[in-house]
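Please view the sequence and the structure together.

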Amino acid sequence: MDSKELKLKSQELRLRVLRLIYEGRTGHTGGDLSVLNLLTVLYNRVLNVDPGQPKMADRDRFVLSKGHCAESLYCVLCDKGFIPESLLDEYGKDYALLGGHPTVEIPGVEINTGALGHGLSAGVGMALAAKMSEAEWKTYVVMGDGEQAEGSIYEAAMAANKYHLDNLVAFIDRNGLQISGSTENVMPLESIRERWTAFGWDVKEMNGDDIDDIVATVESVDFGCGRPHLVISHTTKGLGVSFMENVAKWHHGVPSEEQYRQAINEIKNGTGK
């Protein structure tokens, strides 16, 4: 997809995510909306995946470490044909396959996630496996900024540097908020760039609210540099909905009928920012 198509696709998916959360009566709305542009670009321009062969040997691996933002992933997987629309319709109901975090029973999901801090370790293992077997596929991991307080992330970061995993790309969805407030009040993270550079990673920053910048940044990754890659994706929590943007309480929340209608209208008309 070109940038214009990706922007239209992101808007379409944003509407579907909101409907999923509204009808299912549960969801991490703010983070879903902040990470959706990145997922849209990855699945529609970057990842080598095939919904007809979800376990094909040479597929790229994707890990949503911030598994609480499963609603966005579910909508993207459905749009790509990994899962049917009927599964989305069951979200939030008893015994539904799609729960609050992704699991391997869902086609297109590589590993159960949501226990924050574990996704990068899994991604390192996948990337190392590709290196050991001399395979060409890549591994992509999306983390939240709140989970950067987890020590296991930095153990994984050291291992990725030791094994020169330049086939690994990790993203931090840097929206600045977590469930209990500002990340810098809960556990200061800055300077992220200097920290990860010191760990030996190739570090880039991008505007994760801008499709064009996401495309340019991801496509500039040098997979032959001998270093793992980190992209700090600066985003807006609740992107596209005025009363959700940069508001911590929308980390998890379900809009009322009135709020839902307003949110849909703002996204359709691009007036939310």
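Tyrosine 95 lies in the loop between helix H4 (85–89) and H5, where helices are DSSP runs (H or I, at least four residues) numbered from the N terminus. The model is predicted, so local features need pLDDT of at least 70, side-chain atom pairs count only at pLDDT 80 or more, and totals for chains, interfaces and linings use all residues. Residues are numbered from 1 along each chain as its sequence is written, and side-chain values use heavy atoms, with hydrogens and water left out.

| Residue | Feature | Value |
|---|---|---|
| Tyrosine 95 | positive phi, although not a glycine | about 65° |
| Serine 191 | cis peptide bond from glutamate 190 | omega near 5° |

Serine 191 belongs to the loop between helix H7 (183–186) and helix H8 (192–198).

Helix H5 (residues 119–132) packs against helix H6 (residues 151–162) at an angle of about 20°, and their axes are 8 Å apart. Axes are lines fitted to C-alpha atoms, for helices over the stretch in contact, and angles run from 0 to 180 degrees between N-to-C directions. H5 and H6 are therefore roughly parallel to each other (angles under 35 degrees count as such). In H5, Leu120, Ser121 and Val124 meet residues of H6, including Ile153 and Ala156; contact means heavy atoms within 4.5 Å. The residues of this contact of H5 with H6 comprise seven nonpolar, two polar and no charged. Here Ala, Val, Leu, Ile, Met, Phe, Trp, Tyr, Cys and Pro count as nonpolar, Asp, Glu, Lys and Arg as charged, and the others, Gly among them, as polar.

How values were computed:
Helix = DSSP H or I, 4+ residues; strand = E, 2+ residues; numbered from the N terminus. Parallel < 35°, antiparallel > 145°, perpendicular 65-115°, else oblique.
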